[in-house]
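Subject: Handover of a structure and notes on it

Dear colleague,

Please find below the structure that I am handing over to you. My notes on it follow.

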Amino acid sequence: MKKQKIFETTNFFDLLSEEIVFVILDCLNTNPLDKKSFSLACKSFYLMESKHRRKLKPLRQEHLSKILTRYPNITHLDFSLCPRITDHSLTTISTACKSSLLSIDLSKSGAFSGSGLSSLSRSCKNLVEIDISNAIGLKDAGAAALAEAKNLEKLWMGRCKLVTDLGVGCIAVGCKKLKVVSLKWCLGVGDLGVDLIAVKCKEIRSLDLSYLPITNKCLPSVLKLQHLEDLVLEGCFGIDDDSVAALKHGCKSLKALDMSTCQNISHLGLSSLTSGSGGLRQLTLAYGSPVTLALADGLKNLSMLQSIKLDGCVVTCAGLKAIGNWCISLKELSLSKCIGVTDEGLSSVVTKHRDLKKLDITCCRKITGVSIAQITNSCADLSSFKMESCTLVPRDAFVLIGQQCHSLEELDLTDNEIDDEGLKSISRCSKLSILKLGICLNITDLGLAQVGMSCSKLIELDLYRSVGITDTGISAIAHGCPNLEMINIAYCKDITDTSIISLSKCSRLNIFESRGCPLITSLGLAAIAVGCKQLTKLDIKKCHNINDLGMLPLARFSQNLRQINLSYSSVTDVGLLSLASLSCLQSMTILHLKGLTPNGLAAALLACGGLTKVKLQSSFKSLLPQQLFKHLEERGCVFQWRDKGFQAELDPKCWKLQVEDIVGGGY
């Protein structure tokens with residue numbers, strides 16, 4: 001009896017050591033709410049979870065002081081979901097975290113100034129990473145405050161457009177341990193600021209100078225950085241062949257170079273890469289000079305090159321043949337939206353570079369089944385193959401993909417002529433995790449069911465406007481792919497609640513897009529809300545049979561929901577207001593809701609405290625008080641006004657023909 005009483009009164013979880021409990025908590029990473037549930041089990045678990053947590057992603061700043069008191073060991077703070085972080089909040093963080101804080105992300109929270117950054121830099125002596133991107137109001141004084149963070153190693157300040165050479169110079173002098181720096185779109189920073197960074201911060205490994213108004217004056221200093229591995233010069237229009245000539249004299253450590261949209265650099269400048277950057281592994285020349293024989297010959301001696309991206313370039317057959325004759329063996333080739341890619345040129349590349357793992361020929365509209373035959377025969381180890389809108393490729397060519405490329409993990413066949421026989425063959429690719437079949441008008445449930453039976457690792461499926469798909473196909477996917485995280489069934493008009501209820505068994509589903517599915521009702525949406533608690537993005541635009549009854553389960557169960565599109569649905573004031581209980585909700589699109597009144601809209605906007613973006617019909621602008629908009633904008637919400645009238649839906653085949661006419665005119 002005594003032993004029985006001991007067993008009845010003893011809480012065996014109290015016997016677990018702190019280390020064992022921490023191991024258990026380390027395993028609870030799938031659902032953000034799991035650790036919260038764990039902490040609510042008992043007082044000891046509550047305390048353990050508080051001590052264990054190192055990373056925090058707050059939604060709002062109002063309760064920051066209490067949160068930091070509960071979690072005393074925080075090392076990483078991520079405010080990317082928080083619309084506003086003020087100087088007062090940064091001071092609170094500085095006082096609470098002090099030397100324990102290692103990194104902070106303020107990239108979506110631009111309400112702070114130099115005062116708050118100064119407090120952070122002075123108190124948090126061990127801070128090594130900070131992201132202040134999009135702080136469009138930050139000036140040189142604010143940037144200079146970061147100079148006090150002496151141990152800073154990684155700094156992102158993209159789109160800080162008011163910061164000039166002076167502010168960057170202060171950072172360079174104070175933060176000499178910097179290894180990663182991004183100045184993308186800092187339009188006030190020129191040659192002087194970049195030169196100071198290069199001269200003072202000798203440890204830099206990665207430097208992003210995209211769209212800066214720099215010239216050849218600063219490049220020699222940059223290219224003398226002995227540890228520089230990744231350099232991004234995208235959109236630097238002041239750089240020309242003479243600038244790149246500096247590569248001849250150094251930067252042996254460079255492994256990745258991006259010179260996209262540098263239209264003043266020709267094959268003459270690029271030839272400098274051969275002598276100065278022999279260790280280069282990744283080269284991006286998207287939307288730049290034409291890929292000619294001269295350009296390809298100028299790069300042929302890059303003996304370590306594994307990846308080259310030529311997206312958007314004009315490509316000649318001779319240029320592609322020359323790339324095919326390189327002695328190296330490429331692992332990645334991207335020709336997305338390149339004009340001039342033909343069967344002859346592409347075949348010459350893939351027959352020589354048989355070790356390709358990633359190939360992108362999106363919108364290469366001149367290629368046919370000849371190219372697909374060469375690709376599948378030569379590059380059997382492809383893990384990623386993107387061929388959206390290759391509309392001249394015949395149906396039988398897609399069978400070859402499944403017969404030869406069994407290592408595929410990502411396959412994009414959007415807007416192609418693939419049919420069920422092709423899908424049946426592709427289902428042999430059992431490693432597939434991402435499959436895009438949007439605007440594939442020849443596929444039906446028969447082919448999709450084969451994918452469901454054989455591709456159990458699928459996590460992302462896009463069926464946008466593939467109108468031959470019905471409940472049978474979707475149910476097969478739901479049954480065979482339990483780890484599905486994203487599905488797009490937009491404009492698959494024959495899909496009903498039966499499909500949605502089957503998908504509710506995919507508990508990891510976090511993105512669900514079903515716009516233009518008129519047969520889906522609130523019953524189906526309720527099933528998704530109950531079964532898919534990790535849902536973060538929901539698009540039910542033009543689902544006319546979804547009303548307030550669908551919103552109530554969302555409000556109760558979808559606590560991770562961040563983005564929702566309710567346009568053209570039957571949701572009214574009541575349903576919209578119920579969503580106020582979703583603390584994570586940040587973005588709403590609510591156009592053409594007939595049951596929405598000005599008073600109901602105002603109440604919902606005020607109640608949803610975390611909103612950062614709202615798309616509204618322009619007619620509401622004059623129906624609501626301007627003071628309301630001012631208040632919400634001060635809270636961090638941006639309004640996007642639309643004046644578009646109600647639009648009837650086109651038949652998918654007519655819609656595709658219109659798109660092809662527009663694209664064809666561009667060529």
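How many bridges join β22 to strand β23, and how do the two strands run? Four bridges join β22 to β23 (residues 613–617), and the two run parallel. Before the details, please note that this is a predicted model, in which local features need pLDDT of at least 70 and side-chain atom pairs count only at pLDDT 80 or more, while totals for chains, interfaces and linings use all residues. Residues are numbered from 1 along each chain as its sequence is written, and side-chain values use heavy atoms, with hydrogens and water left out.

Some terms apply throughout. Helices (H or I, at least four residues) and strands (E, at least two) are DSSP runs, numbered from the N terminus. Two strands are said to pair if DSSP finds at least two bridges between them.

**The parallel strands**

Strand β21 (residues 563–565) is joined to β22 by three bridges, and these two strands run parallel. Q563 has S587 as its bridge partner in β22. S587 also stands opposite K613 in β23, and T589 stands opposite K615 in β23. Beyond that, β23 is joined to strand β24 (residues 638–642) by five bridges, again in a parallel arrangement. In this pair, Q617 has R642 of β24 as its bridge partner.

A right-handed β-α-β unit is made by β21, helix α26 (residues 573–578) and β22; right-handed here means that, with the strands pointing away from the viewer, the path from the first strand over the helix to the second runs clockwise. From β22 the chain crosses through helix α27 (residues 598–607) to β23, and this β-α-β crossover is right-handed. A right-handed β-α-β unit is likewise made by β23, helix α28 (residues 626–634) and β24.

In a regular strand the side chains alternate between the two faces of the sheet. Strand β22 (residues 587–590) is covered on both faces: S587 and T589 on one side, and M588 and I590 on the other, are all buried. Buried means under 20% relative accessible area, exposed over 50%, and partly exposed in between (1.4 Å probe, protein chains only).

**Two helix pairs**

Two packed helices are described by the angle between their axes and the distance between the axes. The axes are lines fitted to C-alpha atoms, for helices over the stretch in contact, and the angles run from 0 to 180 degrees between N-to-C directions.

Helix α16 (residues 317–324) packs with helix α17 (residues 343–352) at an angle of about 5°, and their axes are 8 Å apart. The two are therefore roughly parallel to each other (angles under 35 degrees count as roughly parallel, over 145 as roughly antiparallel, 65 to 115 as roughly perpendicular and the rest as oblique). On the α16 side the contact (heavy atoms within 4.5 Å) is made by C317, L320, K321 and G324, and on the α17 side by E344, G345, L346, S348, V349 and K352. Seven of the 10 residues of α17 are buried, namely D343, G345, L346, S347, S348, V349 and V350. What covers them includes α16, β12 (332–334), β13 (358–360) and α18 (369–378).

In the second pair, the axes of α9 and α10 come within 8 Å and cross at roughly 5°. That makes α9 roughly parallel to α10. Here D165, V168, G169, A172 and V173 of α9 meet L192, G193, L196, I197 and K200 of α10. Helix α10 (residues 191–200) has D191, G193, V194, I197 and A198 as its buried residues, and their cover includes α9 (165–174), β7 (206–208) and α11 (219–222).

**Two residues with positive phi**

Most residues other than glycine have a negative phi, and most peptide bonds are trans. W185 has a positive phi near 65°. W185 lies in the loop between β6 (180–182) and α10 and is partly exposed, with a relative accessible area of 25%. D415, also not a glycine, has a positive phi of about 60°. The loop between β15 (410–412) and α20 (420–426) holds D415, which counts as buried at 8% relative accessibility.

Yours sincerely
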